[in-house]
Amino acid sequence: MSPALASVAAPVPAEHHARLTGVTRVFGARKGTGVHALGPVDLDLNRGEFFSVVGPSGCGKSTLLDVLAGLSSPTAGTAEFEGKPINGVPAGVGVVFQEDASFPWLSVEDNVAFGLRRSGVDAAEVARRVDYAIGFMGLKDFSKAYPAQLSGGMRQRVCIARTLVMQPRLILLDEPFGALDQQTRLLMGDELLRLWRETGATVLLITHALDEAAMLSDRVGVMSARPGLFIDVLETGWPRDRDSRIVSHPRFGELTAHLWDKLRAESLKHLRGS
Amino acid sequence: MRHILGPLLVILAGFLGWEVLHFVVANSSLPSPFETIVQMGVLLRDPDFWKQASQTGYAFGIAVVLSTLGGIALGILLGMGRLAGQVAEPILVNLYSLPKVTLYPVVLLIFGLGISARIAFGIMHGLIPLTLFTMNAILQLKPVYRRSAAVMGLTSWQTAFTVILPAILPQVITGARLGVSLCLLGVLIGEMFAARNGLGYMVTHAMERGDMPTVLAVAVMIAAVALAANGLLLALDRSRQP
């Protein structure tokens, strides 16, 4: 972890890494007439935890992520990262999107190095970090390949590696495995857990897959149908060095069932509403 | 080897078809490929041909440069302003489908009989397709590219030159291929209808004299130049692909 972090982190109570207080987001010209997409939502992300958000389609999960990433500002309420209000994209926050965001005109290597090269880091350090991230994500044999030659899962690895090289302290993932098949998703979940353990970063994962949330997270926030509110926060109690094999643990079934229990009514609302 | 064989066969078939047509149609109105090639040799040694060719080349070159720069700039402008793009697209598409040759007298009245009228006419043909292609490339740009750029902390200039430009380049090159060939068309039509020099004039003049070998020789050479320009842009497009 960089020394710059220590000075920023010192005055912040250790448990709060990012915090949303009364965050509301209304889309549309004027308040009251627009679409009330989210909130008011309160969320405390503890430093180093793995937090997942599940909820019915259109409940404002992605809006929540956008607010934390500084990509959109809340209509009401405050958003903080490391004790400072979020205003624009904060340094130290990395985002992995659902859509394939790899640049088809760049090789895997250049894709991974892309953001870092433009952030003023010297060439030797860029090469070192890119090398590490490519190795970590299992892309060593493909570093000269282009995204078009890779599968969807491999392209998403490239995007994760591209985020990883920036050494984010908070990693936001917006349904990153949504477009992948089930087996690939389980394996990518393992990769994500390994990445989380090794970097010590705080992870916020937006997902619609209940099993994914139950398997990966320390805590799972369940959101209601629009306007999205947290209706439950569930502690999973998994050990830190877990992997996808915990799906055979009886507790995994209980957790998934509990999540579905909470979500069923909300999902029905969405289904009837649309 | 295989990708050379295909085009080679097409050219061979073309010449065969031409030869057959030459025998079916009266000989004098359609010279054989052989006669045409002989005439080509004559023309290539004629300094007057080179004078005319340089006139056409000059007008074509300027029209290509101006319509390429203008088309890309206009396309980016219209693509960025979503409303402007929505208003402009149907207008541009309709303008594009107009038979522009009917407007050539107007162009002549505005620009006079000189080379500038032909350049303007070339631009009239070449500008719109490139503008449309560039505009659509920007409108269809995946939003996640811009979001990624924002998350990686890129400035707007860095985003424009390192993300948006490379992302739209394939469509811009496709538009340029269309634009360049239409520019040539515009310039040649201009020369054929109202000029005393250039290859277009040379063709009309030869036609008036019944000098069909010259007509076909010039046509074949212009076709070769157009195909070469297209091939060059295609190669440029392919060179960026893995």
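**Reading the labels in chain A**

Mentor: A word before we start: the model is a predicted one. In chain A, 71% of the contacts with a separation of 6 or more are between residues 24 or more positions apart.

Trainee: What makes the radius of gyration of chain A agree with a compact globule?
Mentor: For 274 residues, a compact globule would come near 19 Å, and chain A has 19 Å, so the two agree. The C-alpha trace spans about 50 × 40 × 35 Å along its principal axes.

Trainee: And what share of the residues in chain A is buried?
Mentor: Buried residues are 52% of the 274. As for the accessible surface, chain A has about 12200 Å², and 53% of that belongs to carbon and sulfur atoms.

Trainee: Why is A:Arg157 called buried?
Mentor: The label requires a relative accessible area under 20%. A:Arg157 has 15%, so A:Arg157 is buried. This residue lies in helix H5 of chain A, residues 152–164.

Trainee: What lies around A:Arg157, leaving out residues up to four places away in sequence?
Mentor: A:Arg157 touches A:Met137, A:Leu139, A:Met188 and A:Glu191.

Trainee: How do you know that A:Met137 and A:Arg157 make a polar contact?
Mentor: The backbone oxygen of A:Met137 is 3.0 Å from a polar atom of the A:Arg157 side chain.

Trainee: Now the overall layout. How many helices and strands are there in chain A?
Mentor: Chain A has eight helices and ten strands. Six strands of chain A form an open sheet with mixed pairing, in the order S6-S7-S8-S3-S9-S10.

Trainee: Why do S6 and S10 stand at the edges?
Mentor: Strand S6 (93–96) and strand S10 (230–235) of chain A each have a single partner strand, so one side of each is left without a neighbour in the sheet. From one strand to the next, the twist averages 15 degrees.

Trainee: How do you know that S3 and S9 of chain A pair?
Mentor: Pairing takes at least two bridges, and strand S3 (residues 50–54) and strand S9 (residues 219–223) of chain A have four, so they qualify. Their sense is parallel. A:Val54 stands opposite A:Val222 in S9(A).

Trainee: Which helices pack on the sheet?
Mentor: Helix H2 of chain A (residues 61–69) packs on it, touching S3, S6, S7, S8, S9 and S10 of chain A. The direction of H2 makes about 150 degrees with that of S7(A). Helix H6 of chain A (residues 182–199) also packs on the sheet and touches S3, S7 and S8 of chain A. The direction of H6 makes about 140 degrees with that of S3(A).

Trainee: What makes S9(A) and S10(A) a pair?
Mentor: Five bridges join S9(A) and S10(A) in the antiparallel sense, and at least two are needed, so the pair stands. Here A:Val222 stands opposite A:Asp232 in S10(A). S9(A) and S10(A) form a hairpin, with six residues between them.

Terms used
Residues numbered from 1 in each chain as written. Chains lettered and ligands numbered in written order. Predicted model: local features only at pLDDT ≥ 70, side-chain atom pairs only at ≥ 80, totals over all residues. Heavy atoms only, no water. Buried < 20%, exposed > 50% of the residue type's maximum accessible area, 1.4 Å probe, protein only. Polar contact = N/O pair within 3.5 Å; in protein donor to acceptor, adjacent residues only side chain to side chain. Contact = heavy atoms within 4.5 Å. Axes fitted to C-alpha atoms, helices over the stretch in contact; angles between N-to-C directions. Rg over C-alpha atoms; globule rule 2.2 N^0.38 Å. Areas by Shrake-Rupley, 256 points an atom, 1.4 Å probe, with all protein chains shown as cover.
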